[in-house]
Amino acid sequence: MTLESAICPHLRRDRTLPKSTPANYVPPFPVFSARFDEDMQDVAMVMLGAVSSEDNTTLDYDALVPLDRLLELGSPLHGHRTLCTSTDPQTLRQTRAWKAWWPSRRDFEDWRLSSGFAAWFAGEEREKEDIGWFVEAIFPSMDRFETVFSNAASLEGAAVLSSHMSGAIEEHGYWGSARDRFAVGQHDPMSAVRSACPVAGLAVRAEGPQKASGSPRPQQISSKRVIVPGQHNLCVIHSGQDWSQMTGSDRDLYLHTLHPVLERGMSFLAHQKVPLSQRETSAAQKERRTYGCYDCRFMDHLDASSLESSLSKSFGLAYFDSLSSLEAWAREHKTHLDIFNGFFKYATETQGKGDLRLWHEICVLKEDQQYYEYINCPPGTGMYVGLAARVNT
Ligand code: HEM
């Protein structure tokens, strides 16, 4: 099998940092990466959502109607969007959101202004509603995100904006392969930078030669509205699973063996965001803190017309203080190792013929490639963990 690098040809450089691909390495199965046109500078990956205002409550089905309408207005360059929902495993609050991708930050800004979204979201009325609203927008430059697809014909996320899919890539199937797929990783270790941590009690590591960058604090715009600043080299993973093409015993095997294990992994990561003051001090809880995960939502895709039925697709969306924290969880922690081993068991039992489609996009962002704003949202929503509990590390 001829293999190619996951890095787009126009972004390849002479490496100053070596890859960790083992010598004479042959990946265990083929996976593919999205290729983008040379003139694309960045991509907008945006969550526009609502969260229920009380614990143990669901959202009205029509909660997102204002957002649905606004997404139909303004600049037509919407790119691609998907409706999704999740329930916080601790508070049982429900989130409904549009995850949307625009072909550039500029296109997103054009839509934000021309659709009326900017004015609607800034309106004081939002703060009086019995609902939490949020925008979590990231704008990775092309060298700061990587994608992987188990099925080259199944486009999701930013790949919908790509020019084509690569052939089978070299950099996968060994620990450290995600890092090797980043164009910026050819010369930048993408280290965490020590700063005030958005999550109370979570120790942010200073790695490599970089120095402390000061103490970005959430900006409180009003008693109900907060903007959380970006953090250099923050790492965001969107890891998708699609079992819509699976039938019969393959589908049952996935749903009864692998999916529950995945749910446990996502729940583990979601539990890390609890402020230190509310945590038990058991060894297990202490250990959780070392993985640097600010929040994780395990979301189901919804059919936008019925709003109820799942499309047999899910994704984990998680914010980590750095790529190395995400790598550590994937490589070491029982919850991902169980997922990983469950996958090989599934692949063996289906003799590699199962049609489970997996994909992900991982971003490592500059501070100014992020925008997080929350209205009426409870602490623990995405990158917002509250003001009072916030501490500098
Ligand atoms: C790597 C399986 C979900 C994070 C891998 C690998 C496998 C795997 C087989 C190594 C293969 C390769 O590099 O090609 C799965 C399966 C999942 C799943 C079957 C779901 C059904 C997730 C989720 C996350 C995640 C939800 C994070 C939220 C990672 C990361 C790596 C990885 C970061 C790369 C580690 C590195 O490069 O060192 N996963 N995974 N995975 N997975 Fe998962």
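User: How many residues lie between strand 8 and strand 9 in their hairpin?

Analyst: This is a predicted model, in which local features need pLDDT of at least 70, side-chain atom pairs count only at pLDDT 80 or more, and totals for chains, interfaces and linings use all residues. Residues are numbered from 1 along each chain as its sequence is written. Strands (E, at least two residues) and helices (H or I, at least four) are DSSP runs, numbered from the N terminus. Strand 8 and strand 9 form a hairpin, and the residues between them number 4.

User: Which residue in strand 9 is the bridge partner of Gln 220?

Analyst: Two strands pair if DSSP finds at least two bridges between them. Strand 8 and strand 9 pair in the antiparallel sense over 2 bridges. Gln 220 has as its bridge partner Val 226.

User: Which residue in strand 14 is the bridge partner of Val 228?

Analyst: Val 228 belongs to the covered face of strand 9, as does Val 226, while Arg 225 and Ile 227 make up the uncovered face. Strand 9 and strand 14 (residues 370-375) run antiparallel, joined by 4 bridges. Across from Val 228, the bridge partner is Tyr 372.

User: What is the phi of Leu 92 near?

Analyst: Leu 92 lies in the loop between strand 3 (80-87) and strand 4 (94-102). Leu 92 has 13 C-beta neighbours inside 10 Å, so it counts as partly exposed. Its phi is positive, in a residue other than glycine, and is near 60 degrees.

User: Which strand gives the largest share of the side of domain 1 that touches domain 2?

Analyst: An automatic or database domain assignment sets the bounds: domain 1 is 44-140 + 215-229 + 367-375, and domain 2 is 142-191 + 233-365. Two residues are in contact if their C-beta atoms, placed from the backbone, lie within 7 Å. The contact takes 19 residues from domain 1 and 22 residues from domain 2. On the domain 1 side, the largest share is 6 residues, from strand 3.

Key: Buried ≥ 20, exposed ≤ 12 C-beta atoms within 10 Å, placed from the backbone.
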